[in-house]
Amino acid sequence: MISPLAAARAVGVEIAARHADDVDARARFPMEAITALKDCRLLGIMVPESDGGAGAGIAEVASICHALGRSCASTAMIYAMHQIQVACIVHHAVKNPWHRTFMKRLAGDQLLLGSATSEAGVGGDLRSSICAIEEKDGRFSLTKQAPVISYGADCDGILVTARRTPQSPASDQVIVVVPREGYTLEQKSGWDALGMRGTCSNGYRLDTTGGMEQVIPVPFADVSAQTMLPVSHLVWSALWLGIATDAVTRARAYVRSEAKRTHGSVSDGSWRLAEAASLLQLMKSNVVAALRQYEVAMGSEDRLTALPFAVAMNNLKTGSSQLAVQVIHQAMLVCGLAGYRNDTAFSLGRHLRDAHSAALMINNDRILAKTAQLLVALREDQGLLE
Amino acid sequence: MAQPVQARVRAVLKQNALLRADIEGLADDADLYAAGLTSHATVNLMLALEEAFDIEFPDRLLRRRTFSSVNAIAQSLDEIGLHKVAA
Ligand SMILES: Cc1cc2nc3c(=O)[nH]c(=O)nc-3n(C[C@H](O)[C@H](O)[C@H](O)COP(=O)(O)OP(=O)(O)OC[C@H]3O[C@@H](n4cnc5c(N)ncnc54)[C@H](O)[C@@H]3O)c2cc1C
């Protein structure tokens, strides 16, 4: 049996890459690639083995996101967002009978999960909600104005954040798992965006009802700090690295083809290839170091909610999102017009457009402001290998 | 006789208006996050406590649990060695 990573690589190279331009041009869901990932049973790999999954960790999932990012960023982002939702359930609710049954179903039927954290009126502030859970006789109802639910039309369940009760302050939130049969979506806006066009991140009014047992039992503050934020930043950074990696691969191929044409002399701009490769290495080191840090902190609530950990994960996100764009820009300067045009083997327009979403997906300014605040509280600096 | 630590912690929370709920109505072990304490406000709370008690929070105590209730804060202050300062 081949490993999940090897299977994902094959899906990336053989299927996602082939449809990437069409997915981008038509802003359509990458159905072929997602179906192939389901066929390879890659959607449930984080579910514990005892519940029908493969018990995979974040590093393995991040490697898959990286591999997919090299072929089709939208496919990689959909896979990444799905796994963030799975991680929230596996880390915080797998002991709950309802969630455990749902996890088994997810692994068995290869369900695809979406996310409704953003809300009209609060923008990208993950830790504030306007909508609230209304409970009656053990059942809840909830309505959310969601400005973006990526692949909302194609997923089999959604994780939704809301205030715990209609009386709760904006920051006292919970996150609830709603399967497809438990909600309706009324589309309010479309997704004709600069990049990540295949994520089909339409806006919706979400109406849902269900049993109170679907609410993840720990406060969303904990789910967010310990899982959603760090896992998002890790898997996103890994896939952005994948996009940048493919850009450098194309620049290298360009320089090679030039060298062949001119019998060995490299073009004047090719030193930029070395610079792009150096930035790429920096980016990769950041991702790998943060993955290690996460694995060390895993399982310790204190480590996961410690300020230095939050600062490190925030820096990973703001740093990777900026580096990705820089690397691709360098690669485009190497390839020149061949990179700028949309119809060559060296085209980089899609890469650049997709990568520009990174700084907005939880706006970097918002994250930097939070980090600056945390830094006020920190006093000690860590040693080289700590 | 110095005021009990819990009362001084309450005074800091009240002066800085860090909660949405009224601190008077909350028990010493009530969850401050459920009462509207945000992660943003946690840093302000820490700075206000450092000022009020003339102490410094070491990095190892800068985690969510430290500020989760009046009692948790009092316990952390104790751990930092408030008793020495208060003596
Ligand atoms: C490809 C893609 C897919 C997405 N998919 C989903 C999804 O499936 N589900 C979902 O819920 N969301 C999704 N999002 C939304 C995302 O998580 C953020 O909510 C969204 O990008 C933020 O929107 P905004 O820029 O309008 O709002 P804001 O974050 O409010 O930013 C608007 C502006 O205000 C500034 N700003 C506002 N407040 C502050 C502050 N406190 N500090 C500093 N600056 C501030 C920002 O810097 C920025 O200039 C997706 C986004 C993208 C790009």
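This is a predicted model: local features need pLDDT of at least 70, side-chain atom pairs count only at pLDDT 80 or more; totals for chains, interfaces and linings use all residues.

Reader: Which residues come nearest the ligand?

Author: The ligand has 19 residues around it, and those that come nearest are A:Ser115, A:Ser118, A:Ser150, A:Leu360 and A:Arg366.

Reader: What does the side chain of A:Ser150 do there?

Author: An N or O atom of that side chain is 2.7 Å from a nitrogen atom of the ligand.

Reader: And which residues sit by an oxygen atom of the ligand?

Author: A:Leu360 has a backbone N or O atom 2.8 Å from an oxygen atom of the ligand. A:Asn363 uses its side chain, with an N or O atom at 3.1 Å from a ligand oxygen.

Reader: How much of the ligand's accessible area does the protein cover?

Author: The protein covers 67% of the 960 Å² that the ligand has on its own.

Reader: Which elements give two or more residues to the shell?

Author: In chain A, these are β1 (113–116), β3 (139–149) and α12 (364–377).

Reader: What's the shell like by class?

Author: Nine residues are nonpolar, eight are polar and two are charged.

Reader: Switching to domains. What is the assignment for chain A?

Author: Domain 1 spans 4–112, domain 2 spans 114–214 and domain 3 spans 220–377. Domains 2 and 3 of chain A each give at least three residues to the ligand shell.

Reader: How many residues are in contact between domain 1 and domain 3?

Author: In chain A, 24 residues of domain 1 contact 27 residues of domain 3. The area buried between these two domains is about 2100 Å², with 71% from carbon and sulfur atoms.

Methods
Residues are numbered from 1 along each chain as its sequence is written. Chains are lettered from A and ligands numbered from 1 in the order in which they are written. Side-chain values use heavy atoms; hydrogens and water are left out. A residue is near a molecule or strand if one of its heavy atoms lies within 4 Å of it. A polar contact is a pair of N or O atoms within 3.5 Å; within protein, one must be able to donate a hydrogen and the other to accept it, and residues adjacent in sequence count only if both atoms are side-chain atoms. Accessible areas come from the Shrake-Rupley method with a 1.4 Å probe; for residues, only the protein chains shown count as cover. Helices (H or I, at least four residues) and strands (E, at least two) are DSSP runs, numbered from the N terminus. Ala, Val, Leu, Ile, Met, Phe, Trp, Tyr, Cys and Pro count as nonpolar, Asp, Glu, Lys and Arg as charged, and the others, Gly among them, as polar. Domain bounds come from an automatic or database domain assignment. Contact means heavy atoms within 4.5 Å. Buried area is the accessible area (1.4 Å probe) that two parts lose on being put together, summed over both.
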